[in-house]
Amino acid sequence: MKTVILDLESLEDLSLDPIRAVVESLDVHMATSAEQVAERIAGYDLVITNKVKLDKATLSGAPELKLICVVATGTNNIDLTAASELGIQVSNCVAYGVDSVVQHVFSLMLALHTNVIQYDRAVKAGDWAQASQFCMLSYPIRELAGKTLGIVGYGNLGRGVARIAEAFGMTVVIAQRPGGEPQEGRLPMDQLLATVDVLSLHCPLTAETQDLIDEAAIAKMKPGSFLINAARGGIVNEQALAEALRSGHLAGAATDVLTEEPPRSGNVLISDDIPNLIITPHSAWGSREARQRIIDQTVENIEGFKAGQPVRAVN
């Protein structure tokens, strides 16, 4: 299969030899703009992409195209209906980053609860050298044991976070799916928000979850509670989060995602006057091991297509 990768940048440090071994030829682009897509997919049997948008018009102009491999879980950048109409199979990657994301979530949760960043900065600023005793306890240190963790989105990621939370001695409660049917053992959002010490988000961004955690939702959370968002930026209203942190209603928050990524236009959360907020650059998924799984799953998707036994097909 004549193959092109449109946006390799997030995987560029990994070997592509496993993919080369199962295709006829492989051309690679680090990034592809919207204006370049049509030209770059023309004549190829297989397109591998992460976030490049492939709409109906673009796909219609590539009659040789038989397979699209998305090196991510989300396929919202692909017109799946058009792909099906044109006889193009689309396969994605799933559950490759569970361990990486879970580890990142607890890195953020622990950093907030131990104030490790503030202590590091204080030591480097010379505060410890001026202390009157052997230690510094200038910032509150909280234990996770005995706290209640609320999880919104109980798929692979939510379950992974729950497993580690229980190992820390936390009580885990699961939110009823926004917009979904009631399920036994799940709490309605209003009830869950009022009971948790930490809220961790792992749901997709949909019409039902857009601004799910807004000013009203945050007001229902216990004073002094924490928010972790390793899902999607639009799930949390960023202005409401900034105000809740400034007011002290929330003791801290951490987010790996923003509504615009990268934040070229700025963002209300990127401000020096917001206390106890950690922002990471959508990197929770990005361990080397997780990204290697993406390569491995892509090879499996290609081999499955060639054998007439589709793997992880989404259309």
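1. Helices (H or I, at least four residues) and strands (E, at least two) are DSSP runs, numbered from the N terminus.

2. Before going on: this is a predicted model, where local features need pLDDT of at least 70, side-chain atom pairs count only at pLDDT 80 or more, and totals for chains, interfaces and linings use all residues. Residues are numbered from 1 along each chain as its sequence is written, and side-chain values use heavy atoms, with hydrogens and water left out.

3. Which residues of α6 (residues 116-124) are buried? They are Gln-118, Tyr-119 and Ala-122. Looking down the axis of α6, these buried residues fall within an arc of 100 degrees, so they line one face of the helix. That arc is taken from the directions from the helix axis to the C-beta atoms.

4. The buried residues of α6 pack against α5 (98-114), with contact meaning heavy atoms within 4.5 Å. Just after α6, Gly-126 has a positive phi of about 95 degrees.

5. Now take Gln-103, which sits in helix α5. It counts as exposed because its relative accessibility is 59%.

6. Met-221 lies in the loop between α9 (215-220) and β10 (225-229). It counts as buried because its relative accessibility is 2%. Leaving aside residues up to four places away in sequence, Met-221 touches Leu-193, Leu-199, Phe-226, His-249 and Leu-250.

Notes. Buried means under 20% relative accessible area, exposed over 50%, partly exposed in between (1.4 Å probe, protein chains only).
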